[in-house]
Structures are given as C-alpha cells and as structure tokens.
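Reader: I've got a model open on my screen and would like to talk it through. Could you walk me around it, starting with the ligand?

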Amino acid sequence: MKRGKFITFEGGEGVGKSTQAKRLAERLERAGVPVIITREPGGTPVGEDVRDLIMKDRPTDPMTELLLFAAARAEHVTSVIRPALDDGTWVISDRFIDSTRVYQGKRYGLEPELISLLERYTVSPDFPDLTLILDLPATEGVERAQNRGTLSRYDAERIETHEVLRKGFLEIATSEPKRCVLIDASLPVSSVETAVWQAVSAHLLVEAR
Ligand SMILES: Nc1ncnc2c1ncn2[C@@H]1O[C@H](COP(=O)(O)OP(=O)(O)OP(=O)(O)O)[C@@H](O)[C@H]1O
Ligand SMILES: [Mg+2]
C-alpha cells in the first residue's frame, strides 16, 4: 500500500488556515484520496486538553508551553498521524512544527537546537511532505480573526509581534523551499484555494500516481 502524504498549513493568526484546510480536504476527497483533517495544538483527546489548558491559563514560562506542545505532539503523531499515513490516508494538519519554531522559537526566543531535538523525538521521520505557508500582512490577519468574532490570546498580541511571527514563517519558506510553498493569503478565498490546489497537484499528486 502507498503511504499517505502529510500536508500542513501554517501562518499567523486569521490568515485562513482552517478555511483552506477544510477546502483542500474536500477537494482531495472529490479526487478519491482518503484524507483526515487534524490540528495543533489538539488532534487527540490529550492534545485537546492541552490546547484548552494553554488557552485558559497561559503558562508564565514559555518553556512550559514548549514542553506541553511537545507532549501533545508526541501523542498526535503516534496515535493519529503516523497510523493514518501507514494506512495510505493523507493527513492535513492545521498548524504543526513550524508554528512551534515561530511562536516558541522566534516569539519567545527558545533555542532552535532544543526545538529541533524535540522534533526529532516527537515527529521524526514523519515530517510533512508539503507545508503551505499562508502569508498575509499582520494587520489583515488580526482584522479577519476579529471579524470572525473569536480572538485568542495570541490574536490580541501587539501588531509588531504579529509581524515578527510573519517574518518567522517567511524565513522558514525561504530556508526549506523543497517542503514549503508560500501562498498569498490576501486573495479571495477561492483564489487561495486554487493556489493551494496547484501546489498540492504539482508536489504530491503527480508523484502519487
Ligand atoms: N482569503 C480570504 N479572504 C477574506 N476572508 C477570509 C479569507 N480566508 C479566510 N477568511 C475569513 O477570515 C477569518 C479567519 O479565517 P480562518 O479561521 O480560516 O483563519 P485561521 O488561519 O485558521 O485563523 P486562526 O489562526 O485564528 O486559527 C474567517 O472569518 C474566514 O472566513
Ligand atoms: Mg484556525
């Protein structure tokens, strides 16, 4: 059986990750590809509890947050992502390792060496086959999240902080061009969907045939 492909959506607040993850899953289903959508933090009962915990009582030490996310990720990879991929199912995750690299690394300054060590123990060898980085000026992302009516504690950060996050994602896209595709998220939903589909077709569908 052919192994499934692993796709992640990344980018700042309100850029359209959840919207596009859902649309991509629908397209893949229509194309006859078995697919599941999952998210981080979350994706498993333990992961969802960790998500609630972090959203409710913000840890004072960023290290607490990093280790909680890593614990949730270990569970997510071993109990959801890896079994699905082994089974030939494609997996779409709404946020994954790059969010940790950017939020806990760039935003809070935790060491990249520690972050990559944790990746080695929680993710390796199941790194994403393709990462779609949705890029949008920080002000527009926060505005979208505000219009949606739900604003997490991350959304409420200063705009300068959101720009730091945006830059972090752009750096990842530049440094890992084989895995990452940068998508202009300022376009209408359907245009972004088309760009996402083009990237998936070019990177994964051709190869899967
Ligand atoms: N291309 C787009 N143009 C305009 N509005 C959009 C676009 N994509 C998504 N939206 C709207 O912006 C809001 C945020 O979208 P969505 O929830 O998908 O973003 P997100 O990246 O998952 O956000 P978060 O980081 O908070 O999880 C939603 O109300 C959505 O309908
Ligand atoms: Mg979302």
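This is a predicted model: local features need pLDDT of at least 70, side-chain atom pairs count only at pLDDT 80 or more; totals for chains, interfaces and linings use all residues.

Reader: Which residues come nearest to ligand 1?

Author: There are 15 residues around ligand 1, so we can pick out the ones that come nearest, counting a residue as near if one of its heavy atoms lies within 4 Å. Those nearest residues are Lys-17, Ser-18, Thr-19, Arg-148 and Leu-187.

Reader: How far is the polar side-chain atom of Thr-19 from an oxygen atom of ligand 1?

Author: A polar contact here is a pair of N or O atoms within 3.5 Å. Thr-19 brings a polar side-chain atom to an oxygen atom of ligand 1, and the distance is 2.5 Å.

Reader: Which residues put backbone atoms by a nitrogen atom of ligand 1?

Author: Leu-187 has a backbone N or O atom 2.8 Å from a nitrogen atom of the ligand. At 3.3 Å from a nitrogen atom of ligand 1 there's also a polar backbone atom, and that one belongs to Val-189.

Reader: What share of the accessible area of ligand 1 does the protein cover?

Author: On its own, ligand 1 has 640 Å² of accessible area. Of that, the protein covers 74%.

Reader: On to the helices: are H3 and H4 roughly parallel or antiparallel?

Author: The axes of H3 (residues 62-86) and H4 (residues 97-107) come within 11 Å and cross at roughly 175°. Angles over 145 degrees count as roughly antiparallel. Therefore the two helices, H3 and H4, are roughly antiparallel.

Reader: Which residues of H4 make that contact?

Author: On the H3 side you'll find Pro-62, Glu-65, Leu-66, Phe-69 and Arg-73. By class, the contact has four nonpolar, two polar and two charged residues. The H4 residues are Ile-97, Thr-100 and Gln-104.

Terms used
Residues are numbered from 1 along each chain as its sequence is written. Chains are lettered from A and ligands numbered from 1 in the order in which they are written. Side-chain values use heavy atoms; hydrogens and water are left out. Axes are lines fitted to C-alpha atoms, for helices over the stretch in contact, and angles run from 0 to 180 degrees between N-to-C directions. Helices (H or I, at least four residues) and strands (E, at least two) are DSSP runs, numbered from the N terminus. Angles under 35 degrees count as roughly parallel, over 145 as roughly antiparallel, 65 to 115 as roughly perpendicular and the rest as oblique. Contact means heavy atoms within 4.5 Å. Ala, Val, Leu, Ile, Met, Phe, Trp, Tyr, Cys and Pro count as nonpolar, Asp, Glu, Lys and Arg as charged, and the others, Gly among them, as polar. A polar contact is a pair of N or O atoms within 3.5 Å; within protein, one must be able to donate a hydrogen and the other to accept it, and residues adjacent in sequence count only if both atoms are side-chain atoms. Accessible areas come from the Shrake-Rupley method with a 1.4 Å probe; for residues, only the protein chains shown count as cover.
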